[in-house]
Amino acid sequence: TATGDRKQNEDAAGHAMIGDCLVVVLADGMGGHQGGREAADIAVAGVLEFMKKRRKSLDNAEHDAPMAFKLLDEAVRRVSTMVDNLAARYPGKRPGCTLLIALVYRQKFMVRHIGDGRALWAGEGVSAWELTQPHHVGHALTSAIPDPKQQDTLARYIGFERGVALALFSDGIDRPIASDTE
């Protein structure tokens with residue numbers, strides 16, 4: 001992660017094993033906005049709480065991609081409202097954050113994101129594959145997704161075999177990442 005011009009890191013992350021699904025959430029408060037860290041904390045906690053309450057749907061989503069996407073979209077809408085409710089406490093630029101959600105099952109995963117966070121996966125003998133593309137600065141959870149039908153948010157449903165890695169980054173990646181051997 002990078003702090004940019006901020007004095008402190010405004011990232012928040014959390015995970016929970018819910019049934020057969022590992023839910024991983026990563027959020028990054030928006031620089032230049034008040035309450036960014038609080039927005040990120042609220043988004044992470046809100047997604048995890050939502051998914052715990054939807055355990056049965058989450059279990060079924062492993063074999064039903066449309067249900068998985070619907071569940072992810074509903075989680076984003078819920079936490080978007082929660083983040084938007086912070087605005088009353090902060091005059092000026094509304095609090096906001098980026099958001100990455102990964103649902104990881106035994107042999108597939110889904111990723112949903114808003115903002116400049118990135119998700120990459122790599123398998124044995126395979127180069128890393130970028131699952132997400134950064135959105136422009138206006139796409140984050142502020143008043144959050146004013147139009148839930150906005151098509152600029154991405155979701156991916158990927159099958160995999162053993163020996164793969166999924167990596168989530170809170171900030172956009174703008175240059176190659178050096179390996180430990182370099």
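**Reading leucine 71 and its helix**

Reply: Let's start with leucine 71, which is found in helix α3 (residues 65-84); helices here are DSSP runs of H or I with at least four residues, numbered from the N terminus. This is a predicted model, where local features need pLDDT of at least 70, side-chain atom pairs count only at pLDDT 80 or more, and totals for chains, interfaces and linings use all residues. Residues are numbered from 1 along each chain as its sequence is written, and side-chain values use heavy atoms, leaving out hydrogens and water.

Me: Is leucine 71 buried or exposed?

Reply: Buried means under 20% relative accessible area, exposed over 50%, and partly exposed in between (1.4 Å probe, protein chains only). Leucine 71 has a relative accessible area of 5%, so leucine 71 is buried.

Me: Which residues does leucine 71 touch, not counting residues up to four places away in sequence?

Reply: Contact means heavy atoms within 4.5 Å. On that basis leucine 71 touches Phe50, Met51, Arg54, Ser57 and Leu58. The C-alpha atoms of leucine 71 and arginine 54 are separated by 8.3 Å.

Me: How do α1 and α3 pack, and at what angle?

Reply: Two packed helices are described by the angle between their axes and the distance between the axes. Axes are lines fitted to C-alpha atoms over the stretch in contact, and angles run from 0 to 180 degrees between N-to-C directions. Helix α1 (residues 36-53) packs with α3 at about 140 degrees, the axes 9 Å apart. Residues in this contact include Phe50 and Met51 of α1 and Leu71 of α3.

Me: How many disulfides are there?

Reply: A disulfide is a pair of cysteine sulfur atoms within 2.5 Å, and the count here is 0 disulfides.

Conventions. Helix = DSSP H or I, 4+ residues; strand = E, 2+ residues; numbered from the N terminus.
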